[in-house]
Amino acid sequence: MPDALPDVSRDAWSGVHRGPLREGEWVRLTDQKGRRHNFELVPGKRFFSNRGHLEHDELIGREEGFTVTSSAGGEYLVFRPLLSEFVVSMPRGAAVVYPKDAAQIVAMADIFPGAHVVEAGVGSGALTCSLLRAVGPFGKVSSYERREEFAEVARKNVTQFFGAPDGQTHPAWQLTLGDLAEALPASGERCDRIILDMLAPWECLDAAADALVPGGIVCAYVATTTQLSRFVETVRLHGGFTEPQPWESLVRDWHVEGLAVRPGHKMIGHTAFLVTARRMAPGQRPPLKRRRPAPGAYGPDYLGPRPPGVPAEDAIEDLAADTTADTTADVTGDVTEA
């Protein structure tokens, strides 16, 4: 057998270990029906389930990737949890950013080692873990959270994943209790990327624009189409960003057994929309997009922000020009009688 790899250096702050399982680590047990259990290894403790119990001491000291049998005959597969597995099972204060969206954010917002990333809000810390792993110990993640109870849950989850000794937090992480729209300008921070996971991200756009370096990226994570529309149109109206790019990702598993190859019955469908845009240099504006809006897109019923070149008056005039002669006559008659 080849020599075993040494454990991952503590200085990497990856949240990953190699070698035998040790006390204080978290493990993930999966039973024959796919049910999963996560717990911390503590000498002398027992894990209980509907299939009996297991001694923690039976797991400590063994290389991960083995099966173990409980007192009542239940079989379990034992591994250290992956980051994608940890975030969907960790304690929650707010809804978590699912791994499929966190992966999109890291890739499409181009989070790189050494980057300074600003995050608002922190939620339960799921996205924070992905951002911290991406920027590494020499980068910086500045998280802003308005609710103290959410900040406390996130602090515990991030500390648990990265396995910091004595409760030490990740050296690249700074958690601030407060509203990003006020706290970020007051801090004077400049950053490479800003991730807005909040109810009204458009309210923080001016603060984001002031903090981002030219070429930096703002990324919004929103749940509804109304939020998506409001943020995209606000970015366009601001003028200091490139044309915003909105999208969503859907993940579908497949069933594969011999000739029975088909889509799975379950999938991770809509979780949220993502929008990215890049910061222009000071005083610079992107070229106006030469496209004609869809008929009625900015008509009188539209009450949101309007992009440059599409004032409300023009939209109403366009609508009036499309009105039939009979309708115009009826309206004129009504006015005369009144």
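Reader: Which residues line the largest cavity?

Author: This is a predicted model, so let's read it as one. A cavity is a space where a probe fits but cannot get out. Here, A95, V96, V97, E119, G121, V122, G123, S124, G125, A126, L127 and D197 line the largest cavity, and its volume is about 40 Å³.

Reader: How does that lining divide into nonpolar, polar and charged residues?

Author: Six are nonpolar, four polar and two charged.

Reader: How many cavities of 30 Å³ or more are there?

Author: Two. The second largest cavity holds about 30 Å³ of space. Around this second cavity you'll find R146, D179, A181, M198, A200, E203 and C204. That lining has four nonpolar residues, no polar ones and three charged ones.

Reader: Okay, on to the cores. Which residues touch the most other members of the largest nonpolar core?

Author: A nonpolar core is a set of buried residues of nonpolar kinds, joined through side-chain atoms. In this structure the largest such core has 34 residues, and I105, I111, V117 and I195 touch the most other members. Helix 1 (83-89), helix 2 (99-108), helix 3 (126-135), helix 4 (148-162) and strand 11 (212-222) each supply at least two residues of this core. Helix 3 gives the largest share, seven residues.

Reader: What is V117 in contact with, leaving aside its neighbours within four places in sequence?

Author: With those neighbours left aside, V117 is in contact with I111, L131, V135, K140, V141, S142, R193 and I195. Apart from this core lies another, of 29 residues, including Y144, A220, F231 and V235.

Key. Residues are numbered from 1 along each chain as its sequence is written. This is a predicted model: local features need pLDDT of at least 70, side-chain atom pairs count only at pLDDT 80 or more; totals for chains, interfaces and linings use all residues. Side-chain values use heavy atoms; hydrogens and water are left out. A nonpolar core is a set of buried Ala, Val, Leu, Ile, Met, Phe, Trp, Tyr and Cys residues joined through side-chain atoms within 4.5 Å. Buried means under 20% relative accessible area, exposed over 50%, partly exposed in between (1.4 Å probe, protein chains only). Helices (H or I, at least four residues) and strands (E, at least two) are DSSP runs, numbered from the N terminus. Contact means heavy atoms within 4.5 Å. On a 1 Å grid over the protein atoms alone, a cavity is a set of points where a 1.4 Å probe fits but cannot get out, and a pocket is an open set with protein on both sides within 12 Å along at least five of seven lines; lining residues have an atom within 4 Å of a point. Grid points are joined across faces, edges and corners, and a volume is the space filled by probe spheres set on the points. Ala, Val, Leu, Ile, Met, Phe, Trp, Tyr, Cys and Pro count as nonpolar, Asp, Glu, Lys and Arg as charged, and the others, Gly among them, as polar.
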